[in-house]
Amino acid sequence: MSDTSNGFKIVSDNRQARFQYEILETYETGIALAGTEVKSIRQGKVNLRDGFALVRNGEVFLHNVHISPHQTASQVFNHDPTRTRKLLLRRDEIRKLIGKVEQQGLTLVPLKIYLKRGWVKVD
């Protein structure tokens, strides 16, 4: 499940999205995460099936992506499994997405989450 030649490891793949949607463009983005979320992602405890992204106030947020709580962390420090997470895109990419989502009525869907040089990325 990893591609070591390119230096990245696919953690979760949303294969269902490729059948339900026509993929016009893909973006590689970073994601703002809590420490326990990164630990759970490294263990592969991510579900992208119902995930989608929305653009609000010039920022892009990822909704309905389930990242399981980390087992060894206490409940005080653990995260909410389906909380809204911010995607890290450049301003010009966000402007481009706003135009496509609002004018053409397109949907933003996460295709996969992977580790690239230690960083968690969303495609």
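A residue counts as buried when its relative accessible area is under 20%, as exposed when over 50%, and as partly exposed in between (1.4 Å probe, protein chains only). What you're looking at is a predicted model, where local features need pLDDT of at least 70, side-chain atom pairs count only at pLDDT 80 or more, and totals for chains, interfaces and linings use all residues. Residues are numbered from 1 along each chain as its sequence is written, and side-chain values use heavy atoms, with hydrogens and water left out.

**The largest pocket**

- A pocket here is an open set of points on a 1 Å grid over the protein atoms alone, where a 1.4 Å probe fits and protein lies on both sides within 12 Å along at least five of seven lines.
- The largest pocket holds about 510 Å³ of space, a volume being the space filled by probe spheres set on the points.
- Its lining (residues with an atom within 4 Å of a point) has 23 residues, and the closest to the centre are Glu 25, Tyr 27, Thr 107, Leu 108 and Val 109.
- Sorted by type, the lining has 16 nonpolar, three polar and four charged residues; Ala, Val, Leu, Ile, Met, Phe, Trp, Tyr, Cys and Pro count as nonpolar, Asp, Glu, Lys and Arg as charged, and the others, Gly among them, as polar.
- Strand S6 (59-63) and helix H3 (91-104) each give the lining at least two residues; helices (H or I, at least four residues) and strands (E, at least two) are DSSP runs, numbered from the N terminus.

**Salt bridges around Glu 25**

- The count of salt bridges (a side-chain nitrogen of Lys or Arg within 4 Å of a carboxyl oxygen of Asp or Glu) comes to eight.
- One of them pairs Glu 25 with Lys 96, at 3.8 Å from N to O.
- Glu 25 sits in the loop between helix H1 (15-20) and strand S3 (29-31) and Lys 96 in helix H3, so this pair ties together parts 71 residues apart in sequence.
- Glu 25 also bridges to Lys 100, with the closest N and O atoms 2.0 Å apart.
- Lys 100 is in helix H3 as well, so that pair ties together parts 75 residues apart in sequence.

**Glu 59 and Lys 86**

- Glu 59 and Lys 86 form a salt bridge too, their closest N and O atoms being 2.9 Å apart.
- The pair links distant parts of the chain, with Glu 59 in strand S6 and Lys 86 in strand S8 (residues 85-88), 27 residues apart.
- Lys 86 is partly exposed, at 32% relative accessibility.
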